Amino acid sequence: MKEIRQFDVVILGGGLAGIYTALNIDSTLHVGLFVKDELNLGSSNMAQGGIAAEVKFDPEKIEEHYEDTLRAGGYHNNTEATKILVEEAGKNIENLINIGVEFDKTSDGKLVTTLEGGHRSRRILHAGGDDTGNHVMTDLRKALDKRENIEVFENEMGIELLHNNNKALGVIVINKNNEEVYVLANKIVLATGGIGGIYKRTTNEKFACGDGIAMAYRSGVKCSDMEYVQFHPTGFYEEDKIGKTFLISEAVRGEGAILRNINGERFMQKYDKERMELAPRDVVSQSINREMFDTWSDHVYLDITHKSKDYLTKRFPTIYNFLLNHGIDMSKDYIPVAPLEHFMCGGVTTDTLGHTSMENLYAVGECACTGVHGANRLASNSLLECIVFGKRVAEEINKLAPTFKKIDVILPDLVFTHELFNFRSIREDIRDTMNKYVFIVRKQEGLEEAYKIINKYVEDLGKINVFSRYYYETLNMAQCALLIIKAALDNKKSLGCHFRLD
Ligand SMILES: Cc1cc2nc3c(=O)[nH]c(=O)nc-3n(C[C@H](O)[C@H](O)[C@H](O)COP(=O)(O)OP(=O)(O)OC[C@H]3O[C@@H](n4cnc5c(N)ncnc54)[C@H](O)[C@@H]3O)c2cc1C
């Protein structure tokens with residue numbers, strides 16, 4: 001007997017995009033929220049710097065935020081979506097505060113703001129100093145607990161979309177006991193986050209395998225801008241460390257930190273005289289990459305030793321303590337850093353209401369490509385995208401609720417192999433290949449070589465149908481990697497985070 005569950009709305013993903021969308025859906029609708037791990041894991045929980053928003057609704061400042069976003073994105077951005085992003089920022093911050101989120105405030109109760117790369121004004125709100133994601137998500141989970149219409153399923157992973165005639169009908173899920181469950185709904189929202197797990201070093205969780213993007217792509221849904229993978233300039237560097245890596249937030253540069261090469265020399269003046277360390281991430285990552293090449297080194301340093309210990313422990317408590325546990329006192333020592341995978345600017349193509357190219361299927365957050373990031377995301381615009389477009393998706397669903405009915409579907413007879421392979425060597429090879437050929441600097445021959453390697457994995461994995469989380473994660477990794485490689489091969493023009501040496 002196949003297990004079937006029916007909902008009005010199904011959301012895959014419990015990061016900021018998934019939870020905020022769920023909380024804005026009408027409480028009369030039955031929502032199933034599925035996360036493949038525990039609810040407190042994922043990028044949203046780890047965000048440090050904050051959320052960019054002009055909360056005083058000053059039209060000139062909103063226009064400046066818009067211009068900064070386009071400038072960072074190499075003017076490849078969708079201008080309509082970007083306008084919406086900056087204009088609806090303030091009201092969504094108010095909404096977060098009403099839901100119960102507490103941002104950092106001055107002693108007289110005003111919201112504190114900071115600066116990050118690419119922003120011309122201090123407009124980044126934060127919580128708990130450099131622990132924004134954890135604070136925001138903890139407050140939102142408390143609100144989620146009170147909502148009886150939202151059922152949360154942890155450790156249950158969506159593996160395939162159920163659809164007919166380009167109409168989404170539900171999702172096949174692997175439940176906690178490794179059994180298949182058919183989850184049917186009127187509206188399905190993908191909020192599955194990023195793709196960091198396909199690179200050797202990333203700020204993301206290892207399980208960020210691009211599941212939603214790959215699942216949608218397998219079902220014929222349009223994806224775009226996949227070549228624009230953002231590499232953060234300042235991941236904490238430890239020799240031979242691979243996998244999830246601690247991030248040294250951009251806000252540290254926002255508060256005056258400078259970059260030095262391994263000889264202790266400041267170098268950003270060679271690459272961006274005007275903006276220096278506060279140039280957008282693509283520029284800083286590419287500059288560090290060049291500097292590492294020229295000095296035969298695999299890292300550089302971040303120096304904020306001009307700030308006092310007292311200031312740093314208050315402003316960056318998480319980073320300060322992490323570094324201290326690694327033998328570094330950031331008020332006295334340089335911090336070793338190197339660029340690493342951080343964010344997917346592309347993803348499942350959506351319009352400004354989150355609709356994808358498949359009827360009844362929506363995408364929001366990092367897995368979506370609304371076009372607001374263009375070729376390179378402006379710092380702290382990602383959490384903002386989650387809330388602005390999460391709210392829009394929820395409002396669209398609320399509006400369409402009167403049309404909802406029970407889903408009747410003939411379930412596919414899928415035949416799975418129930419073997420427990422772990423596909424480890426394939427995953428390792430995907431990560432090695434992406435780091436070697438599809439990293440900050442890309443060349444035609446390298447991309448062609450990567451294509452050959454990854455395409456073979458996609459073909460081989462496509463011949464089998466193993467019913468396990470490991471199989472689907474590996475398949476999704478390979479398919480997302482291939483989408484990135486194909487897009488990078490097709491796009492000969494260097495722009496934003498896509499840098500072609502040839
Ligand atoms: C260390 C770090 C610091 C950052 N700092 C900032 C910052 O200061 N400001 C900013 O704007 N951005 C920041 N970012 C980026 C930002 O945090 C993310 O882009 C954003 O949180 C993405 O939110 P999301 O809800 O789309 O995805 P996530 O928060 O990653 O959540 C994804 C969810 O999907 C679930 N999921 C995945 N696949 C499946 C599946 N197949 N089935 C069911 N569930 C699934 C996961 O379990 C998880 O719950 C940072 C990112 C990192 C990693």
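Of the 37 residues around the ligand, which come nearest? They are S44, G50, E366, S382 and L383, where a residue counts as near if one of its heavy atoms lies within 4 Å. This is a predicted model, in which local features need pLDDT of at least 70, side-chain atom pairs count only at pLDDT 80 or more, and totals for chains, interfaces and linings use all residues. Residues are numbered from 1 along each chain as its sequence is written, and side-chain values use heavy atoms, with hydrogens and water left out.

**Contacts and cover**
- A ligand nitrogen is 2.8 Å from a polar backbone atom of G50, and a ligand nitrogen is 3.4 Å from one of F34.
- An oxygen of the ligand is 2.8 Å from a polar backbone atom of L383.
- On its own the ligand has 1000 Å² of accessible area, and the protein covers 97% of that (Shrake-Rupley method, 1.4 Å probe).

**The shell**
- Elements giving two or more residues to the shell include α1 (16-24), α2 (43-46), β16 (335-344) and α12 (382-400); helices (H or I, at least four residues) and strands (E, at least two) are DSSP runs numbered from the N terminus.
- By class, the shell has 13 nonpolar, 18 polar (Gly among them) and six charged (Asp, Glu, Lys and Arg) residues.

**A look at β16**
- Ten of the ten residues of β16 are buried, meaning under 20% relative accessible area (1.4 Å probe, protein chains only).
- Strand β12 (residues 229-236) pairs with β16 in the antiparallel sense over six bridges, pairing being at least two DSSP bridges between strands; here H232 has L340 as its bridge partner.
- Strand β15 (residues 300-303) also pairs antiparallel with β16, over three bridges, and V300 is partnered by V337.

Terms used: Polar contact = N/O pair within 3.5 Å; in protein donor to acceptor, adjacent residues only side chain to side chain. Buried < 20%, exposed > 50% of the residue type's maximum accessible area, 1.4 Å probe, protein only.
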